[in-house]
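Please keep the sequence and the 3D view open while reading.

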Amino acid sequence: MELRQLEYLVAVVEEANFTHAANRLHVAQPGVSAQIRHLERELGHTLLDRSTRTVRPTDAGAAILPHARAALHAVANVHVALDQLDGLLRGHVSVGTVATGGPIDLPDRLAAFHRDHPGIEITLTEDTSQHLIDNLTGGRLDLALIGLAATTPDGLAIEVVTAQRLAAIVGHQHPLARRRTVKLADLADEPLITLPAGSGIRAALDAGFATAGLQPRIAFEAGDPAVLTRLAGQGLGIAILPTAETPATPADDLREITITHPPMRARLALAWKADPPAAPATAALIQHITQAVRPQ
């Protein structure tokens, strides 16, 4: 059994096609087919179902697929360990994030990390917290900056980097504009402007209303905090955002009101799969970000 045979098997299963797998591996398609047949003869089992246009693993192929991936991952880590021994940190980190900005300048952190570790390739995608969590647990992301309400998602390790109270943002002509604090119950009948479901801030808001035995009246949803405050400034409702994150909009003359009874906190955290342990490149990036920003 050769590692390249396992690599070919994994590629064909993931691409569901011999030709696509060969193109991905930059080898000739007949060579891929031949090596997998050698592996099948050696193991005494048919590993791929070739009876349809879409190639699928047989029961035997599905059984060994996790072990093939683990073997390839282990070999990759051997090279990473040797590179680290030589002072050359290499690898690839797939990073996800909720809307950039706020208390962490993630693009700046990634740029600084890349300058220190040019051998590490970084990719970045933006999505809601729930989708990011799903991609972490599904292995499609290595690391993500997510918003959390109260509980830590199963199977993930987290490093909280900020924890901020939620505030009500209103225009200067709103009836609540002169108040410094407001109870959550006072907001129950008000039109609220908030981030969509799946975001950490929205999860914290929903959890707070559930704790108070109330139902929020959501009037507008938007993924950009600046849009939320613009809507609030135009008198269309009350925006819910973390304290001290109200974008500067002097024309709207916004007021920030602390929410009490119960206070609500939105946590921003780095998250990654707890098992297996983070790869060296991912671990280095986690350390780089957490050194720059500590929990409040």
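1. **What kind of model.** This is a predicted model. Please read each value below as computed from that prediction.

2. **Helix α1.** Start with α1, which covers residues 3-15. This helix has 13 residues. At 1.5 Å a residue they should span 18 Å, and the end C-alpha atoms are 18 Å apart, so expectation and model agree.

3. **The buried residues of α1.** Which residues of α1 are buried? They are Q5, L6, Y8, L9, V10, A11, V12 and V13.

4. **The end of α1.** A16 sits in the loop between α1 and α2 (18-25). Its phi is near 60°, a positive value in a residue other than glycine. A16 counts as partly exposed because its relative accessibility is 21%, and the cut-off for buried is under 20%.

5. H26 belongs to the loop between α2 and α3 (29-43). Is H26 buried or exposed? It is exposed, at 74% relative accessibility. For context, most residues other than glycine have a negative phi.

6. **The largest pocket.** Its volume is about 950 Å³. The lining is made of 26 residues. Nearest the centre of this pocket lie H73, G139, D142, P276 and A279. Two or more lining residues come from each of α4 (59-85), β3 (91-97), β12 (265-273) and α9 (280-292). Which element gives the largest share? It is α4, with eight residues.

7. How do the lining residues of the largest pocket divide? There are 13 nonpolar, nine polar and four charged residues.

8. **Salt bridges overall.** How many salt bridges does a search of the whole structure find? It finds 10. In general terms, side chains of opposite charge can pair when their charged atoms come close.

9. **R69 with E14.** These side chains meet in a salt bridge, at 3.2 Å from N to O. The pair links distant parts of the chain: R69 is in helix α4, E14 is in helix α1, and 55 residues separate them. R69 is partly exposed, with a relative accessible area of 37%. E14 is partly exposed too, at 41%.

10. **R202 with E221.** The closest N and O atoms of this salt bridge are 2.7 Å apart. This pair also joins distant parts of the chain, 19 residues apart: E221 is in strand β9 (residues 218-221) and R202 is in helix α7. R202 counts as buried, because its relative accessibility is 10% and the limit for buried is under 20%. E221 counts as partly exposed, at 46%. Helix α7 covers residues 200-211.

11. **Around R202.** What is R202 in contact with, leaving aside its neighbours within four places in sequence? The contacts are T194, L195, P196, A197, I218 and E221.

12. **R109 with D108.** This salt bridge has an N to O distance of 3.7 Å. R109 counts as buried, at 19% relative accessibility. That value falls within the buried class because the cut-off is under 20%. D108 counts as partly exposed, at 37%.

13. **Cis peptide bonds.** The bond from H261 to P262 is cis, with omega near -5°. P262 is in the loop between β11 (254-260) and β12. Another cis peptide bond joins D275 and P276, with omega about 0°. P276 is in the loop between β12 and α9. Recall that P276 is among the residues nearest the centre of the largest pocket. As background, most peptide bonds are trans.

Conventions. Residues are numbered from 1 along each chain as its sequence is written. This is a predicted model: local features need pLDDT of at least 70, side-chain atom pairs count only at pLDDT 80 or more; totals for chains, interfaces and linings use all residues. Side-chain values use heavy atoms; hydrogens and water are left out. Helices (H or I, at least four residues) and strands (E, at least two) are DSSP runs, numbered from the N terminus. The expected span of a helix is 1.5 Å times one less than its number of residues. Buried means under 20% relative accessible area, exposed over 50%, partly exposed in between (1.4 Å probe, protein chains only). On a 1 Å grid over the protein atoms alone, a cavity is a set of points where a 1.4 Å probe fits but cannot get out, and a pocket is an open set with protein on both sides within 12 Å along at least five of seven lines; lining residues have an atom within 4 Å of a point. Grid points are joined across faces, edges and corners, and a volume is the space filled by probe spheres set on the points. Ala, Val, Leu, Ile, Met, Phe, Trp, Tyr, Cys and Pro count as nonpolar, Asp, Glu, Lys and Arg as charged, and the others, Gly among them, as polar. Contact means heavy atoms within 4.5 Å. A salt bridge is a side-chain nitrogen of Lys or Arg within 4 Å of a carboxyl oxygen of Asp or Glu.
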